[in-house]
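Dear colleague,

I am passing on to you the structure that we spoke about, with the sequence alongside. Could you please look through it with the notes below at hand?

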There are 2 protein chains.
Amino acid sequence: MNPAAATSPMIETLVQLLGEGAVLTADADRAGYEKGWRYGEGRALAVVRPRSSAEVARVLAIAAEHGVPVNPIGANTGLVGASNPDATGEQLLLSLERLSKRIVIDPVDRTVRVDGGVTLSALNAALAEHGLFFPIDLGADPQIGGMVATNTGGTRLLRYGAVRENLLGVEVVLPDGTLVDRMSQLVKDNTGLDWKQLFVGTFGSFGIVTGAVLKVQPLPKQTVTAWVGVNQAQAVLNLLARFERASGGTLSAFEVLSADALDITIRHAANLEQPFDASELPAYAVLVELSTTLEAELLDLDAVLLSTLEAHFEEAEDELADVFPMAPAVAWNLRHHISESLALEGVVLALDIAVPRARMAAFSAAMRAQLASSHPQVRVCDFGHWGDGGSHFNLVWPQDATDDHAALKLELQQLVYDTVVRDYAGSYSAEHGVGPHNQRFYDAYTPDALKAAARALKQHFDPDRRLGRVPLDGTPE
Amino acid sequence: MNPAAATSPMIETLVQLLGEGAVLTADADRAGYEKGWRYGEGRALAVVRPRSSAEVARVLAIAAEHGVPVNPIGANTGLVGASNPDATGEQLLLSLERLSKRIVIDPVDRTVRVDGGVTLSALNAALAEHGLFFPIDLGADPQIGGMVATNTGGTRLLRYGAVRENLLGVEVVLPDGTLVDRMSQLVKDNTGLDWKQLFVGTFGSFGIVTGAVLKVQPLPKQTVTAWVGVNQAQAVLNLLARFERASGGTLSAFEVLSADALDITIRHAANLEQPFDASELPAYAVLVELSTTLEAELLDLDAVLLSTLEAHFEEAEDELADVFPMAPAVAWNLRHHISESLALEGVVLALDIAVPRARMAAFSAAMRAQLASSHPQVRVCDFGHWGDGGSHFNLVWPQDATDDHAALKLELQQLVYDTVVRDYAGSYSAEHGVGPHNQRFYDAYTPDALKAAARALKQHFDPDRRLGRVPLDGTPE
């Protein structure tokens with residue numbers, strides 16, 4: 001048990017209010033909440049698990065009375081350490097996992113009202129019964145409140161947008177315990193400042209998202225996929241532009257693997273059904289997915305896929321190496337084995353970057369050239385969502401390449417981010433967000449005017465600076 | 001000439017900086033800027049017309065030095081009086097009309113960088129050369145900066161979203177003259193508070209939008225339309241749900257006219273080609289538009305339209321009165337003649353409301369019943385964008401129905417808005433925004449928590465409260 005918890009009058013109050021099972025103080029009980037999925041590790045005063053928004057409000061009011069800092073945690077699937085406690089042992093970790101009862105679907109409105117602790121998979125299971133889905137497609141199974149606080153993106157962002165574009169209303173609890181219900185179902189409501197935007201992608205800095213109203217989409221009736229070998233980076237962008245203009249909005253994913261990422265994946269996932277010849281890999285492999293709610297008798301989706309590729313082949317034959325139409329489940333299987341394959345190959349530095357997508361080819365070439373000269377031991381294994389300018393710009397090197405992997409990681413992070421942000425007007429965090437893991441880059445790259453606005457909001461919502469892990473106004477010196 | 005301008009040292013400074021033609025002080029020169037399109041009338045100290053963002057910044061810095069209030073004005077097409085000066089004669093009106101040079105299109109990125117004073121029509125003319133368009137479809141021709149500050153919607157919002165969903169970056173000038181360039185082209189950039197959101201739909205309360213980066217769309221290759229007669233309000237929603245689920249994302253407009261609006265329009269626009277029998281009008285007439293970038297050899301769009309209607313007819317024959325496929329230009333002509341026809345019929349109170357769209361039928365019936373009993377002289381001529389829950393809930397009565405039309409307007413406004421906001425969780429301003437015309441409703445309906453956040457931002461950006469016409473923290477008592 002954290003000794004501070006044993007003597008904390010606040011913990012006693014919380015136990016009285018919520019019952020013992022709702023307040024975890026034992027080391028073993030806290031452990032799963034204290035360490036992040038990829039980054040983030042600390043020690044919590046306790047983990048509190050309220051069962052309703054009203055209870056969240058009570059917890060925050062009590063924490064405010066006692067001056068105790070609070071950090072919200074959802075499914076703990078974030079990749080920047082924002083949901084884990086810091087090292088002080090003084091933060092109360094507020095888990096939303098029990099806020100998972102309400103999933104109210106309105107099929108005509110095409111909206112759903114959900115509690116913040118509902119998981120994405122639970123939401124989609126409920127929606128499927130109405131022929132609907134929430135179109136944020138991720139490798140993890142986060143909770144909705146965390147998704148709002150992170151503004152998660154995923155592989156179908158180019159078609160449907162991120163959480164921000166699919167969010168109509170929020171319920172939040174402010175640091176002083178005020179519950180604000182703005183669970184609007186309105187698609188249109190042009191009445192000034194859009195309140196919900198303050199809580200999207202701000203990681204609980206201003207309040208805790210306890211509920212959301214989401215726009216949802218009809219499930220596709222047809223989905224087709226193909227892997228396409230492409231000979232150069234610019235050709236990938238040309239192919240993307242063609243699909244966007246010729247496929248009638250059916251393009252739902254456009255995922256790209258560089259040759260090195262592909263090489264490693266097919267070597268380590270050797271049993272995987274995949275179309276490429278390992279001895280002759282293209283510069284880039286592209287997974288194209290089209291999907292539609294049109295019945296096959298109205299639209300032959302395979303014909304859209306093949307005619308678009310044929311047209312490209314006719315006009316720019318040298319750009320395409322090969323085309324492999326495949327069943328979606330098989331095609332995606334290759335895509336989903338990249339990260340684990342890279343990890344088997346060596347030390348991996350995963351960089352979640354974005355550039356204006358028209359500049360992706362130029363960025364990729366420049367970065368490769370720079371790294372080949374400065375760090376020849378590093379392989380560039382980039383893959384990702386070129387359709388929306390996002391790339392998992394992953395760098396891999398052998399375990400024995402250096403004695404100090406941590407130092408090399410920092411050096412490479414700085415090098416790549418500087419190029420992305422300063423030379424390509426890009427982002428050092430395309431979709432993972434901001435947390436302790438990358439706070440120092442936030443501090444370095446964020447314009448002063450933005451930090452100053454964030455400071456004004458922080459001062460307004462949380463003058464004692466007790467909530468969250470992310471100082472959006474910059475880390476105090 | 002406004003006498004205050006003759007003696008103002010600031011005006012002198014502005015003339016020296018920008019030249020005489022850039023500072024309009026004569027009554028006749030100011031007149032066109034002082035009166036709004038539908039509401040809004042006042043008197044400006046002068047109208048200043050800078051030619052660049054840098055000049056806007058200089059003007060705001062000079063106004064700050066002199067403590068002079070400033071209001072931005074775009075194309076003056078807004079409908080809530082927000083771009084016109086107040087009655088004091090002391091406000092400097094800052095017109096963005098000369099910031100209209102830059103339209104930089106990136107076809108692969110599918111983005112465009114524009115100056116704030118570029119008009120929507122100029123933008124679309126430039127985009128058309130690349131087979132692209134900006135999908136905000138309006139009856140007016142506003143400037144881009146004003147569109148951002150208003151978050152304009154329009155008839156294709158159900159497909160493409162409002163300005164907010166199509167905006168990637170902004171350039172703003174803050175009240176103290178600081179120019180902040182966040183002209184990002186990034187689709188993904190999850191690095192904390194989304195700065196641009198503070199300037200979308202906030203009507204220049206926090207800063208003046210001098211530039212924007214917009215996402216743009218490929219122009220459709222096919223468009224088909226039909227007018228559909230529908231027997232009851234709920235059937236309109238059922239038909240909408242069917243099109244959304246069965247038309248593969250091709251639905252690009254779903255406009256609805258009530259029988260009274262239709263009756264008046266076809267009587268006053270008698271030469272209009274229109275399909276309905278005036279002696280036997282359906283309860284609602286629906287304009288359905290489908291459009292796609294797919295070539296006709298891949299998708300027969302007429303077949304999608306007709307098969308969807310046929311399926312509806314088979315399952316719910318009693319819901320549909322009649323179906324009239326028509327050429328888009330002809331079909332839209334009827335839709336575009338509504339407002340002017342209503343004005344010819346009598347006194348019009350135009351109410352721009354939204355409700356959760358699944359509740360539109362219930363709202364419409366309840367409101368009609370209430371008005372029939374309380375105000376039998378009033379005809380409900382509602383029409384609008386049911387696809388996104390928006391309705392121009394227009395009320396029409398004879399000129400001789402009352403001696404005091406202004407009083408009746410206020411009474412009806414209050415009655416309808418109260419029902420919309422309090423009973424149907426709706427909005428008193430779906431797309432027109434907030435301005436002096438409806439500020440008192442903003443004051444009445446906006447939650448305190450939201451006003452308090454707006455106050456914190458106002459205090460941060462504009463502590464002297466010199467910018468804009470809209471007190472988002474509520475009108476001071």
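This is a predicted model: local features need pLDDT of at least 70, side-chain atom pairs count only at pLDDT 80 or more; totals for chains, interfaces and linings use all residues.

Residues are numbered from 1 along each chain as its sequence is written, and chains are lettered from A and ligands numbered from 1 in the order in which they are written.

Sheets

Helices (H or I, at least four residues) and strands (E, at least two) are DSSP runs, numbered from the N terminus, and two strands are said to pair if DSSP finds at least two bridges between them. In chain A, four strands form an open sheet with mixed pairing, in the order S1-S2-S4-S3. Its edge strands are S1 (23–24) and S3 (70–73) of chain A, each of which pairs on one side only. Within this sheet, S2 (residues 44–48) and S4 (residues 91–95) of chain A run parallel and share four bridges, with A:Ala44 having A:Gln91 in S4(A) as its bridge partner. Helix H4 (residues 53–66) of chain A packs on the sheet and touches S2, S3 and S4 of chain A, its direction making about 175° with that of S4(A); contact here requires the C-beta atoms of two residues, placed from the backbone, to lie within 7 Å, and angles run from 0 to 180 degrees between the N-to-C directions of axes, which are lines fitted to C-alpha atoms, for helices over the stretch in contact.

Chain B has an open sheet of four strands in the order S1-S2-S4-S3, also with mixed pairing. There, S1(B) and S2 (residues 44–48) of chain B are antiparallel over two bridges, and B:Leu24 stands opposite B:Val47 in S2(B). Helix H3 (residues 27–34) of chain B packs on that sheet, where it touches S1, S2, S3 and S4 (91–95) of chain B, and its direction makes about 85° with that of S2(B).

Elsewhere in chain A, strand S8 (residues 167–173) is mostly covered, seven of its seven residues being buried (buried means 20 or more other C-beta atoms within 10 Å of the residue's own, exposed 12 or fewer, and partly exposed in between, with C-beta atoms placed from the backbone). S8(A) pairs with S10 (residues 208–215) of chain A in the antiparallel sense over six bridges, and A:Val172 has A:Val209 as its bridge partner in S10(A). S8(A) is also antiparallel to S9 (residues 179–182) of chain A, over four bridges, with A:Glu171 opposite A:Asp181 in S9(A). S8(A) and S9(A) form a hairpin with five residues between them, and A:Gly177 in the turn has a positive phi of about 95°.

Helix pairs

Helices H8 (residues 233–246) and H10 (residues 301–315) of chain A pack at an angle of about 135°, with their axes 10 Å apart. This makes H8(A) oblique to H10(A), given that angles under 35 degrees count as roughly parallel, over 145 as roughly antiparallel, 65 to 115 as roughly perpendicular and the rest as oblique. Among the residues that meet are A:Leu239 and A:Phe243 in H8(A), and A:Thr308 and A:His312 in H10(A).

Helices H9 (residues 259–268) and H12 (residues 338–345) of chain A pack at about 85°, with their axes 8 Å apart, which makes H9(A) roughly perpendicular to H12(A).

Leaving aside neighbours within four places in sequence, B:Val236 is in contact with residues including B:Val256, B:Tyr284 and B:Trp386.

Between the chains, 73 residues of chain A are in contact with 72 residues of chain B. On the side of chain A that touches chain B, helix H16(A) gives the largest share, seven residues.

Two positive phi values

A:Arg110, which is not a glycine, has a positive phi near 55° and lies in the loop between S5 (103–106) and S6 (111–115) of chain A. A:Arg110 counts as buried because 22 C-beta neighbours lie inside 10 Å. A:Arg465 likewise is not a glycine and has a positive phi of about 55°, in the segment after H16 of chain A, but A:Arg465 is partly exposed, with 14 other C-beta atoms within 10 Å.

With best wishes
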